[in-house]
Structures are given as structure tokens and as C-alpha cells.
Amino acid sequence: RENQVFNFFAGPATMPTSLLQQVSDEMLSYQHSLGYSVVEMSHRSKDFEAIMEHSMSTLRELLEIPNTYEILYMQGGATLQFSAVPLNLCRFDKNETCDYFTTGLWSKKAGEEAKRCFSANEDGPQQVKVHHLNQQSLTQNDSATKVHIDPNTQFVYYCDNETVNGIELKQPPIDMIHPSTKRIPFVCDMSSNLLTRRINITDFDLIYACAQKNFGIAGLTVVIVKKTLLGKAPKWIPSLLDYKVIADGHSLQNTPTTFSIYVADLMFDWIKNQGGVDAMDELCKAKSNKLYDFIDNSNYYSNNIPKHIRSRLNVVFRIKQGDEKLETLFVKLAKERGLIGLDGHRSVGGLRASMYNALSMTAS
Ligand code: PMP
């Protein structure tokens, strides 16, 4: 690329050059034969249907998603799922609860949005229970820190990779739940790590992720939901937020984000050609380990997150425990050398290198 830089933005993020080249080559005439662009294509046409079907079947193959789960393509980003999840999984009865495990900014925001959904019922019992899992409770595994879940809870929610805080759990926090609790639907936000490693889909009841980090561009949000959870939403929720409506309409209930779906389709093929999610995992580990090793062996940079919950995707770090002037200078000098997007999220400051699927090993 002209003036190629290494892009460490947290999302939208870097994309494979070969894929962008293909998008550019096909922009005027899809597959060099149709005589019109994918952005001009009806979402009801056979050509677009083929893109939808191919993308969903490749995604199913990459993540080994069983047929007992539906794949939905939705809009509104991951943030709209903060509302869609409680709206679909709760009946809004008086005694009902849902439990949020918070490990950082995004799970906190999701819990706040769930509270909004329940706010018409403010006088009722506390319906959204937020359990903050601090680094200590995630590290110690003693019974005192285990969370008791109410029998009326409809789901337990967590975020597998906290993009801002650089924490990745890598598996549902089942150990954090008191063993006396019955099996409850597990909901997971994998916006910044879906398709970066193998997961066991049946450990979850619902997973969602926005596309603009590891598998495409902004606009598309993928929801993978157990079919038995569909059709539980109260009748009054907006139809485009109702997972059953989207499933019944094959994610074509209204005009979908056609261009984002086309790009995701190419990205799923790209991941498959690289060797699938296992290859992505290897690459993510190699890139992040290289940076963590460098930070750990330096007296200048620091990262205080316990090793087993460090994110493979978002490496957060500070200079001299948080010298903001030096950090601003670091970002400036890095940019001058072609390394962009290294500043931390505005809510926490510091520095962050986001290294998603499409970022090459050379960048780290
Ligand atoms: N969850 C996580 C883990 C994220 O990283 C983000 C975006 N950075 C979001 C949710 C919100 O995504 P969106 O901007 O697509 O609503």
C-alpha cells in the first residue's frame, strides 16, 4: 500500500491488504462479471442471497456451530445487543433477575443498559445484579469469592475480552458461580475476540460480536443463539430487536448492511485460508506474547494484569506507571514512525496496542 502504516486501532481496525484489493477490484463489477457493484445489489437478489448463505455457512464451519444454534446478522453494533439481550431473554416479571459479571468497561456498560430496560419497573426488586469480578477474585479460586445466583435469574452475562482494560477470560467464568446454582443461560460479548481462537459453542447460550475488529467492517453484528431461546421475548419489544423475527426472516427482515456482510464473507474465507481459528489463535498469541515479554523485561513499560487473564488482542501498557507526558510523546513519535492507534481508550488513558486477526506478525 502507499505509505503503509502498522495500524493498532481498537476497531474499526486493520484489514488484510489482499482483501481490500479484491473489494477495490470488484467495486465496479461484482466478481468482474455482473456489470454492477455489490453496493448496488438488491438484498433480495439471488446474488446477494448467495453471499448471505456462503458467509453463514463459512462462519458455521469456522466455529463448528451446531444446527441447534441460529446465526443472526443484525445492526446497531454490539451496543444494541446490550438492550437486545435482556429484551429477548427476560419476561419482565416482578421476581425475575439477570446477573452481570463485570470485568471492565464494556460489561459495565452492558449492565447499565440492562438496568434501563428494567427501569419502567423501578420499584420492583433489584432485577439486574452486577457482580464486579476484580483481578484478585479472578485469580484466587476460593469459595468465599463465589457468586450465588438467584433461582429466578434468566441469564448470566459476561464479556470474554475487555477491549479497553486488556483482560481476556478465555472461558465462561463458571468457576466463579457457587456450585449449588442450577445451569443458567450464559451470554457472552465476544466483540473483540470472536474468531480469534477455538471455542466450544455449547458452553454458551448466546454469543454476539460486532464485525469491525476481527472479521470485517462496522455495520454488521453477528449473534449466535441457541434455538431454544428464540420466541421468548415479550410481544412489545421492537420487532427488529426480536431474535425470532430476525431468525424467521433469515436476517433479511429489512435491508441488511449488505456491504459489511460482503466484506465479512471475504474475511471468513480469508480466515479459513490462513488455517482457521487455530491459526488465528497462534498468531494472536505470538504477537501479544512478543509485546508482553518486551514490557515485562523493561523497567520503562508496565502492565499489571495477572498473566492468565491478559488479553491476546488488546495489550494495555503504561510508561513509568503512568507518566502522561511521556505517553503523549510516545504516541507522537510512534505515529511519525508509521505505528498508529497506540493511545489507550479515553476512559482509562495510557497506551494500548490492539492486534486483531488481520494484523501481521511484522507489526509486533
Ligand atoms: N463490546 C466490546 C467488547 C467492544 O470492544 C465494543 C467496541 N469497542 C463494544 C461492545 C461496542 O461496540 P459497537 O461500537 O459496535 O456498539
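Let's start with Tyr243: leaving aside neighbours within four places in sequence, Tyr243 is in contact with Leu72, Asn88, Val223, Val225 and Leu230, where contact means that C-beta atoms, placed from the backbone, lie within 7 Å. Tyr243 sits in helix H6 (residues 243-248); helices (H or I, at least four residues) and strands (E, at least two) are DSSP runs numbered from the N terminus. With 25 other C-beta atoms within 10 Å, Tyr243 is buried, since a residue counts as buried at 20 or more such atoms, exposed at 12 or fewer, and partly exposed in between. Its C-alpha atom is separated by 37 Å from that of Ala286, 43 residues apart along the chain.

A word on the model itself. This is a predicted model, in which local features need pLDDT of at least 70 and side-chain atom pairs count only at pLDDT 80 or more, while totals for chains, interfaces and linings use all residues. Residues are numbered from 1 along each chain as its sequence is written.

Stepping back, you will find 9 helices and 14 strands in the protein. The radius of gyration is 21 Å, close to the 21 Å that the globule rule gives for 364 residues, so the protein is as compact as a globular protein of that length; the radius is taken over C-alpha atoms, and the rule is 2.2 Å times the number of residues to the power 0.38. Buried residues make up 39% of the 364.

Now for the ligand. The residues around the ligand include Gly77, Trp106, Cys159, Asp189 and Cys210, each with its C-beta atom, placed from the backbone, within 6 Å of the ligand. Helix H3 (residues 77-89) gives the largest share of this shell, 3 residues.

Technical notes. Two residues are in contact if their C-beta atoms, placed from the backbone, lie within 7 Å.
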